[in-house]
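The sequence and the structure are shown first.

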Amino acid sequence: QSELVESGGGLVQPGGSLRLSCSGSGFNLDRYAIGWYRQAPGKEREEVACIASSGGSTAYTDSVKGRFTISRDHAKNTVYLQMNSLKPEDTAMYSCAADLVAFCGPYPSYRGRGTQVTVSS
């Protein structure tokens, strides 16, 4: 069974850091653009960051620019989201998605179940 598996979430104080991982289980991520998304209670899901299949292009939503970094390790079949200077408003369920035909378009081939990030003192 092919699926995306996220890990690395947790409870962190404001100003702290977390690194999320998105791994492909049962399939190779090399050909897919990978996006990180988040959804807070009562809000719509938003795209946080996206990385092209080659890793040569990245994009970020304005609220995380300069704080979050998306990267990928083809050898480990994993995409990471390094999150620094976390704020309470970053609290959400974070999930990743794999898109074979678009740069993080609306219809990904796979979407993971997510990992919870809570920023609180």
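Contact here means heavy atoms within 4.5 Å. Leaving aside neighbours within four places in sequence, Leu-81 is in contact with Leu-18, Arg-19, Leu-20, Trp-36, Val-48, Ala-49, Phe-68, Thr-69, Ile-70 and Tyr-94. The model is predicted, with local features needing pLDDT of at least 70 and side-chain atom pairs counting only at pLDDT 80 or more, while totals for chains, interfaces and linings use all residues. Residues are numbered from 1 along each chain as its sequence is written, and side-chain values use heavy atoms, with hydrogens and water left out.

## Overall architecture

The protein chain has eleven strands and zero helices; both are DSSP runs numbered from the N terminus, helices being H or I of at least four residues and strands E of at least two. The order of elements from the N terminus is accordingly β-β-β-β-β-β-β-β-β-β-β.

A compact globule of 121 residues would have a radius of gyration near 14 Å, and the 13 Å of the protein chain agrees with this. The radius is taken over C-alpha atoms, and the globule rule is 2.2 Å times the number of residues to the power 0.38. Along its principal axes, the C-alpha trace spans about 40 × 30 × 25 Å. Of the contacts with a separation of 6 or more, 55% are between residues 24 or more positions apart.

The protein chain exposes about 6,300 Å², of which carbon and sulfur atoms supply 45%; these areas come from the Shrake-Rupley method with a 1.4 Å probe. Buried residues make up 40% of the 121 residues. Buried means under 20% relative accessible area, exposed over 50%, and partly exposed in between, with a 1.4 Å probe and protein chains only.

There are 12 positive and 11 negative side chains, and the centres of the two sets lie 2 Å apart. Lys and Arg count as positive and Asp and Glu as negative, whereas His and the chain ends are not counted. Each charge is placed at NZ of Lys, CZ of Arg, CG of Asp or CD of Glu.

## Nonpolar cores

A nonpolar core is a set of buried Ala, Val, Leu, Ile, Met, Phe, Trp, Tyr and Cys residues joined through side-chain atoms within 4.5 Å. The largest such core has 26 residues, and those with the most contacts inside it are Ile-34, Trp-36, Phe-68, Val-79, Leu-81, Met-83 and Tyr-94. At least two residues of this core come from each of strand 3 (18-25), strand 4 (33-39), strand 5 (46-51), strand 7 (68-73), strand 8 (78-83), strand 9 (92-99) and strand 11 (115-119). Strand 9 gives the most, with four residues. Apart from this core lies another, of five residues, among them Tyr-37, Cys-50, Ala-97 and Cys-104.

## Selected residues

Two residues other than glycine have a positive phi. Asn-77, with phi of about 55°, is found in the loop between strand 7 and strand 8. Cys-104, with phi near 55°, is found in the loop between strand 9 and strand 10. Both are buried: Asn-77 has a relative accessible area of 15%, and Cys-104 has 8%.

Which residues does Gly-114 contact, leaving aside its neighbours within four places in sequence? They are Glu-6, Met-93, Tyr-94 and Ser-95. Gly-114 lies in the loop between strand 10 (110-111) and strand 11, and its relative accessibility of 23% is the reason that Gly-114 counts as partly exposed.

Asp-73, in strand 7, is partly exposed at 24% relative accessibility. Not counting residues up to four places away in sequence, Asp-73 touches Thr-78 and Tyr-80. Ser-120 is found in the segment after strand 11 and is partly exposed at 37% relative accessibility. With the same exclusion in sequence, Ser-120 touches Leu-11, Val-12, Gln-13 and Pro-14. Ser-54, in the loop between strand 5 and strand 6 (58-60), is exposed because its relative accessible area is 60%.

C-alpha separations involving these residues are tabulated below.

| Residue pair | Separation in sequence | C-alpha to C-alpha distance |
|---|---|---|
| Gly-114 and Ser-95 | 19 residues | 4.0 Å |
| Asp-73 and Pro-14 | 59 residues | 28 Å |
| Ser-54 and Leu-86 | 32 residues | 28 Å |
| Ser-120 and Lys-76 | 44 residues | 31 Å |
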